[in-house]
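Open the structure in your viewer and keep the selection panel handy. This tour tells you what to pick next and what is there.

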Amino acid sequence: MNTPLLSVRDLHVEIDTSRGLLKAIRGVSLDVNAGDSLGIVGESGSGKSITLKAIMGLLPKNARVTSGEIYVDGVDLATLSEKARRALLSEKIGIVFQDAIAALNPVMRVGAQIAETPHRRLGWTKDKSHARAIELMELVGIPEAEKRFALYPHQLSGGLRQRVAIAIALSGSPQLIFCDEPTTALDVTIQAQVLRLLMELRVKERTGLVFVTHDLAVVNEICDEIRVMYAGRFVESGSVANTFQHPSHPYTYSLLKSAPDVDHQSERLFSISGETADLTKPVTGCPFAPRCFAATQLCSESEPALLAQASSFSACHHAANFTEKIPADHFSLGTQGKAHS
Amino acid sequence: MSEIVLSATNLSKHFVGKQSVIGKIRGKEPLSVPAVDGVDLSMPAGSTIGLVGESGCGKSTLGRTLVGLYPSSGGSLSLFDRQIGNDRSLEERRAVQMIFQDPYSSLNPRMKVGDMLEEILLFHKLADKESVQKRCVELMELVGLPVTALQAYPRQFSGGQRQRIGIARALALEPKILIADEAVSALDVSVQASIVNLLQDLKRDLGLTMLFISHNIAIVRQVSDRIAVMYLGRIVEEGLTSEVFNNPQHPYTKLLLGSVPKMTPGSKLGAAPQGELPTIQARYEGCRFQSRCPIATSACATTDPALIQIGSKDHQAACINL
């Protein structure tokens, strides 16, 4: 067995909020290899972005990792000094954020921002780093790279800014790229260009991808593996092909049914009533149970673990037979907005 | 053919910049941005029209001009066969209402939901002091909120609930036409589904006509009877939803639809579309789409295409190469 590029074991993250201590991540484990593409989906507040930030050591001041291990290329990050940890992470992993304008330095020319990593960290000469930056700008499809090298972020369009952010993420030749909703703020036409670029990088450079998004269709297009996150845990884990056809968790089923598909027009969309679990309160039982159509007494008493099913992993007591309980009139679920108190 | 409730003919909205003193002396024209530039659109009673396009194409400006939030700069608008100008009567304003994208900034944070609704109802004389409470309760029921919501401030609600309040505010005026401008774009998928379903129920039960503006093409397909595709201030294709999606004609519509990620297993994105939306110019020579168009010919540089009928179907597109 070769060591995975990234391995996360039972990660826990807590955040201090005005409403009390919030258990944002409650035991997340994850393995990613070179060339993998993994999509993490879930609603706002489910802990998708926090997971990425915790791995990268980019948590906000009021948040901290309380337990768990993170291995990058087999090295336990906890054993490293702050400096060595940062060096290892920036060598292996690049990250692209949703909001490119906030991620870029507004008073630094974009070319210089891309050349910074090769120049500073890899110790390349100025000329060589400059040439590398131009090469990266061409790779990510920025037309007239030489001319745009000297522009500032505000002089570029949203699509170009996101490309610059991707070029920066690639500048240290990482083996893995974290994408935190990189296309959510973009138009569909530009989104298609950026997604295509990421797919090409994966094929050409065997760059691994971890893609956090709330858009299931995007995951379907570019990922092989999917993790569905709910209330700080993975509730389903499996291949995209399999999970989209045979979800083994009621939450995954509901999410898939509530997402409109451009290829089909359905009578009504499935809607999940109620609100996501409040993680400042202790979790007893399955956090999805109050919104679940298949919940039983058992579900409110014990929280299910992520266990192997026929073809995937599911954290549901009724993973094997919840489909029998899909309400025949499921389209009427929540349409009157009941349970919205 | 059902009755046309709202129709725009050659409607335009130009934003004109400030003119400098020197510019005035030199007789230079001030900067003018034609965000909506010659739009023809009719809304048949009881239908939902989906308006799609990239950011900056003028979708929201068109919506706001139809509601009357922006005075139009040219063309005409008619409501139930009556011409309406830029100074609308109370009754005309009531007939067309808007649901905004951001339920956080479109509600007064210092006013309880009930007080806000009461103010609207009393001002428009849709209820008197005795009946106003009853009407507020009815509105809450209509949008699926508990009656206790009337005593709460907007900040006490989640995004989906706030959007329901925004819908109740619009419905309080008993409108005939709803303009939903990215009404579900800021919401999570599951909440989005419940708001979309609510809008469809209300439209059916109250006999509303709706313009659904969104950049999310999958949602638009879900709710709309007809689709209008907008590009740089113009409508380039319009027709029945099934027609436009199954048989897109305009090269821009094809590019737009080809870029949408799909839920179908094994789907892989089509060829990457080229270029991005150029900034709006004051004037155009020929077709606006020619710079990105894969089938542009020399004639496109000189001819400004008008919307023409496609086949015998209820479907039109603005391209000279069809």
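Two residues count as in contact when their C-beta atoms, placed from the backbone, lie within 7 Å. This is a predicted model, in which local features need pLDDT of at least 70, side-chain atom pairs count only at pLDDT 80 or more, and totals for chains, interfaces and linings use all residues. Residues are numbered from 1 along each chain as its sequence is written, while chains are lettered from A and ligands numbered from 1 in the order in which they are written.

**Stop one: the interface.** Select both chains. Here 41 residues of chain B are in contact with 46 residues of chain A. Now pick α6 (159-172), α7 (189-206), α8 (217-223) and α10 (251-258) of chain B; each supplies at least two residues of the side that touches chain A. Helices are DSSP runs (H or I, at least four residues), numbered from the N terminus. On that side of chain B, α7(B) gives the most, with eight residues.

**Stop two: the domains of chain A.** Colour domain 1 (6-229) and domain 2 (246-261 + 285-332) of chain A. The bounds come from an automatic or database domain assignment. Their centres, taken over C-alpha atoms, are 31 Å apart.

**Stop three: Val210(A).** Which residues does Val210(A) touch, not counting those up to four places away in sequence? Select Val32(A), Leu38(A), Ile40(A), Leu52(A), Leu176(A), Phe178(A) and Cys179(A) to see them.
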